[in-house]
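Try each task on your own before you read the solution below it.

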Amino acid sequence: MSPNNVQNDTHDSKRAKSSSGRPVSAATSASNGKTEEAKRKESSAIYKPKFSDSLSRVNNFSIIESTLREGEQFGNAFFTTEDKIKIAKALDDFGVEYIEITSPAASEQSRQDCITICNLGLKAKILTHVRCHMDDARIAVETGVDGLDVVIGTSSYLREFSHGKDMEYIIKQATEVITFIKSKGLELGVNRVGIADTVGCANPRQVYELVKTLRSVVSCDIECHFHNDTGCAIANAYAALEAGATHIDTSILGIGERNGITPLGADKEYVMNKYKLSQLREVENLIADMVSIQVPFNNYITGYCAFTHKAGIHAKAILNNPSTYEILKPDDFGMTRYVSIGHRLTGWNAVKNRVQQLGLILTDDEVKEVTSQIKQLADLKPLGVEEVDTLLRNFHQKVNTPLNE
Ligand SMILES: [Zn+2]
């Protein structure tokens with residue numbers, strides 16, 4: 001279990017308490033759900049493009065999930081056959097269209113695992129990723145995969161320092177291998193062309209220009225693969241879709257060679273209906289455990305601070321309307337919102353919300369008074385949830401106890 005779970009369980013338990021107390025707030029009460037939804041739609045509309053873009057595939061793409069291929073190249077990764085089956089099933093259930101697995105030419109166990117996964121009867125299509133070489137292609141087509149991603153480096157560096165072949169040789173080799181794969185009736189071959197930023201040097205503008213150019217010369221699907229060496233992997237994937245790419249490679253938590261690739265994740269309406277987003281955190285925790293890492297605290301969507309609000313002015317607005325500071329809805333991802341109050345930046349509106357969650361009755365002036373007590377104590381050290389709750393209960397008891405008793 002990563003600490004991510006622990007933190008969010010804490011959040012969940014706080015939510016449970018609130019349900020037994022008085023109505024929580026306008027923002028979270030069920031009766032106000034419709035209004036909140038309408039408000040959210042209205043406010044998110046301002047982020048949408050003003051004009052329709054016929055090139056963009058942002059609302060129509062497929063995921064090639066590569067945790068079982070690129071992810072296996074992550075420094076800490078060692079997936080047993082059981083691990084691979086678990087991951088493949090979880091990804092299939094999540095709803096990805098393709099699962100890419102390690103080349104069966106890599107090792108005998110890899111070959112056997114490839115056959116095992118092909119025989120699981122998953123909805124997702126199974127691809128493997130092989131070098132552009134007849135030996136690899138021959139082994140791969142016998143495993144039962146639905147298609148092959150064929151890779152060969154074409155940059156001047158790789159031509160000089162890796163395989164040492166010139167462009168003429170690359171074209172001849174690719175033609176031979178692709179002709180062979182197509183003769184076996186497998187998907188891909190030349191059904192889709194791929195661009196890989198294997199060194200992670202591209203920026204979104206370059207990606208947009210490159211994919212747009214490619215789109216103008218090929219009519220087939222375009223797959224893109226982005227490494228995250230400079231932190232641009234998500235932005236590059238988005239730019240690629242805007243320029244007309246149809247398929248994006250991902251891995252869970254972005255694990256892969258060096259610091260990995262575009263992570264599996266999501267936002268906006270298109271993917272809401274397509275993938276089981278509420279399982280994202282679960283799938284991430286599964287992989288985090290297997291490769292002995294923790295989900296980063298600031299992970300987008302599922303990091304334990306992703307829906308935690310701290311500053312008093314933020315908390316007040318969030319409690320009135322979550323759209324003020326949340327572009328994503330935590331519920332869509334199986335997450336919960338948390339308003340942190342045990343610190344010196346807290347505000348009385350957030351404290352009042354907690355008072356109501358605990359079922360305590362205090363006037364606004366009393367809430368302001370107890371808020372100032374929290375601030376004084378929090379100047380010395382941050383307070384835990386339990387400490388703040390105890391303080392609130394004690395304060396409530398004090399102000400509600402007649403003096404002569
Ligand atoms: Zn890669």
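**Exercise 1. Find the strand that holds Gly-194 in this predicted model, then decide whether Gly-194 is buried, partly exposed or exposed.**

Solution. 
- Step 1: Gly-194 sits in strand E6, which covers residues 192–197.
- Step 2: Count the C-beta atoms around Gly-194: 18 others lie within 10 Å. A buried residue needs 20 or more and an exposed one has 12 or fewer, so Gly-194 is partly exposed.
- Step 3: Look for partners beyond four places in sequence. Gly-194 is in contact with Asp-149, Glu-223, Cys-224 and His-225.
- Step 4: Check a C-alpha distance. Gly-194 and Leu-214 are 20 residues apart in sequence, and their C-alpha atoms are 10.0 Å apart.

**Exercise 2. Work out where Asn-228 lies and which residues it touches.**

Solution. 
- Step 1: Asn-228 is in the loop that runs between strand E7 (221–226) and H9.
- Step 2: Leaving out residues up to four places away, Asn-228 touches Gly-200, Ala-233, Gly-254, Asn-259, Gly-260 and Ile-261.
- Step 3: For Gly-200, compare sequence and space: Asn-228 is 28 residues from Gly-200 in sequence, while the C-alpha to C-alpha distance is 5.4 Å.

**Exercise 3. Describe how helices H3 and H4 pack against each other.**

Solution. 
- Step 1: Two packed helices are described by the angle between their axes and by the distance between those axes.
- Step 2: For H3 (residues 81–94) and H4 (residues 108–118), the axes come within 10 Å and cross at roughly 35°.
- Step 3: The crossing of H3 past H4 is right-handed.
- Step 4: On the H3 side, Thr-81, Lys-84, Ile-85 and Ala-88 take part, and they meet Asp-113, Thr-116 and Ile-117 of H4.
- Step 5: Sorted by class, this contact has three nonpolar, two polar and two charged residues.

**Exercise 4. Leu-253 and Ser-292 each have a positive phi without being glycine. Which of them is buried and which is exposed?**

Solution. 
- Step 1: Phi is about 60° for Leu-253 and near 55° for Ser-292.
- Step 2: Leu-253 is in the loop between strand E8 (247–250) and helix H10 (268–274). Ser-292 is in the loop between helix H11 (280–290) and strand E9 (308–309).
- Step 3: Leu-253 has 25 C-beta neighbours inside 10 Å, so it is buried. Ser-292 has 9 other C-beta atoms within 10 Å, so it is exposed.

**Exercise 5. How many residues of helix H13 are buried?**

Solution. 
- Step 1: H13 spans residues 348–357, and nine of its 10 residues are buried.
- Step 2: The buried residues of H13 are Trp-348, Asn-349, Ala-350, Val-351, Lys-352, Asn-353, Arg-354, Val-355 and Gln-357.
- Step 3: Just after H13 comes Gly-359, with a positive phi of about 75°.

**Exercise 6. Which residues touch the most other members of the largest nonpolar core?**

Solution. 
- Step 1: This core has 82 residues, and those touching the most other members are Ile-99, Ala-237, Ala-240, Ile-248 and Ile-287.
- Step 2: Helix H9 (residues 233–242) supplies the largest share of the core, seven residues.
- Step 3: Domain 1 (52–291) and domain 2 (308–400) each give at least three residues to the core.
- Step 4: Follow Ile-287 beyond four places in sequence: Ile-287 touches Thr-67, Ile-87, Ile-252, Leu-253 and Ile-255.

Terms used
Residues numbered from 1 in each chain as written. Predicted model: local features only at pLDDT ≥ 70, side-chain atom pairs only at ≥ 80, totals over all residues. Core = buried A, V, L, I, M, F, W, Y, C linked by C-beta atoms within 7 Å. Helix = DSSP H or I, 4+ residues; strand = E, 2+ residues; numbered from the N terminus. Domains from an automatic or database assignment. Contact = placed C-beta atoms within 7 Å. Axes fitted to C-alpha atoms, helices over the stretch in contact; angles between N-to-C directions. Left-handed = near helix turned anticlockwise from the far one by under 90°. Nonpolar A, V, L, I, M, F, W, Y, C, P; charged D, E, K, R; others polar.
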